[in-house]
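Work through the exercises below with the model open beside you. Each task is followed by a stepwise solution.

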Amino acid sequence: MSAMFAHEAHQPIASLINYADGLKLYLKGKSEDPLVQEALSEISTQADRLSKIIQRVRTYAKRQHHEVKKENLSEIIDRALVSFRRSSISTGVDVEVKAPVTANLLADALELELLIVNLLKNAAAACRDSQDKIINVQLSEATNEWMLSVSDHGQVISDKLLSQLSHPTKSLSDGLGLGLSICRLIAESHGGKLTFKPNTPKGLVVTLHLPKVNEEN
């Protein structure tokens, strides 16, 4: 199924990129409209990003291992925030970020970006009906790991719901649990894990634990 999806989706995405690039060339030198140019650039950027995601699906279908290299987690967070803010679910939601300038680790940057975007969207969905539409993102460090926490101020988290989040078998209501099984797999493939705890006085704190890069290597 993954292979079929990747194969069928690749061609229309490639055509979308080609049409956008063709329009850029056609409009070059003419009376340029900045809004049109910006829209075409955004179409190309997002189509290229989707193409990369499709290529990643292909590697999963072929059961290929992902390639990791030294990355800066803080930069990955920045890219995830840009992607999140382009989504409609981010409307009216403030995101407060505290992170060091540099946070090195070995990672597949696209996978971690998708994971973080998913956590942000879950948090936004959870606080949809809350007066406190604030998401706190904090990156801290311990001796051997980075800890990225995404906190919302949504519903009160019961012990039952916390247990369901910790062992997700399907998506849960109110945006909670959406894609968490996939997020868990991505975290574990990077040698990390996801943990959950109630926020105070309400809401949820999801923490992504990831090993630091060994700078001596």
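Contact here means heavy atoms within 4.5 Å. The model is a predicted one.

**Exercise 1. Find which residues of helix α5 are buried, and what covers them.**

Step 1. Locate the helix: α5 spans residues 159-166.
Step 2. Apply the cut-off: buried means under 20% relative accessible area. In α5, L161, L162 and L165 are buried.
Step 3. Look down the axis of α5. The buried residues fall within an arc of 100°, so they line one face of the helix.
Step 4. Turn to the other side of α5. D159 and K160 are exposed there.
Step 5. List the cover. It includes α6 (180-189), β6 (193-198) and β7 (204-211).

**Exercise 2. Give the strand order of the open sheet, and state which strands stand at its edges.**

Step 1. Strands of a sheet pair through backbone hydrogen bonds, either parallel or antiparallel.
Step 2. Read the order. An open sheet of 5 strands runs β2-β4-β5-β7-β6, with mixed pairing.
Step 3. Find the edges. β2 (94-98) and β6 each have a single partner strand, so one side of each is left without a neighbour in the sheet.
Step 4. From one strand to the next, it averages 15°.
Step 5. Take one pair. β2 and β4 (residues 134-141) run parallel and are joined over 5 bridges. In this pair, D94 stands opposite I134 of β4.
Step 6. Place the helix. α5 packs on the sheet, where it touches β6 and β7. The direction of α5 makes about 170° with that of β6.

**Exercise 3. Describe the surroundings of I135.**

Step 1. Assign the element: I135 belongs to strand β4.
Step 2. Check accessibility. I135 has 0% relative accessibility, so it counts as buried.
Step 3. Set aside neighbours within four places in sequence. I135 then contacts F84, V93, D94, V95, E96, L120, A123, A124, V150 and S151.
Step 4. Take one distance. K121 and I135 are 14 residues apart along the chain, and their C-alpha atoms are separated by 9.9 Å.

**Exercise 4. Search for ring interactions: how many aromatic pairs are there, and which charged end sits over the ring of W146?**

Step 1. Search the whole structure for aromatic pairs. The count is 0.
Step 2. Now look at W146. The charged end of K212 sits over its ring, 5.1 Å from the ring centre.

**Exercise 5. Summarise the chain as a whole.**

Step 1. Count the elements: the chain has 6 helices and 7 strands.
Step 2. Write their pattern along the sequence: α-α-β-α-β-β-α-β-β-α-α-β-β.
Step 3. State the burial. Of the 217 residues, 41% count as buried.
Step 4. Sort the contacts. Among those between residues at least 6 apart in sequence, 70% join residues at least 24 apart.

Methods. Residues numbered from 1 in each chain as written. Predicted model: local features only at pLDDT ≥ 70, side-chain atom pairs only at ≥ 80, totals over all residues. Heavy atoms only, no water. Buried < 20%, exposed > 50% of the residue type's maximum accessible area, 1.4 Å probe, protein only. Helix = DSSP H or I, 4+ residues; strand = E, 2+ residues; numbered from the N terminus. Arc of directions from axis to C-beta. Pairing = 2+ DSSP bridges. Axes fitted to C-alpha atoms, helices over the stretch in contact; angles between N-to-C directions. Phe/Tyr/Trp six-rings, centres within 6.5 Å; stacked < 30°, edge-to-face > 60°. Lys NZ or Arg CZ within 6 Å of the ring centre and 35° of its normal.
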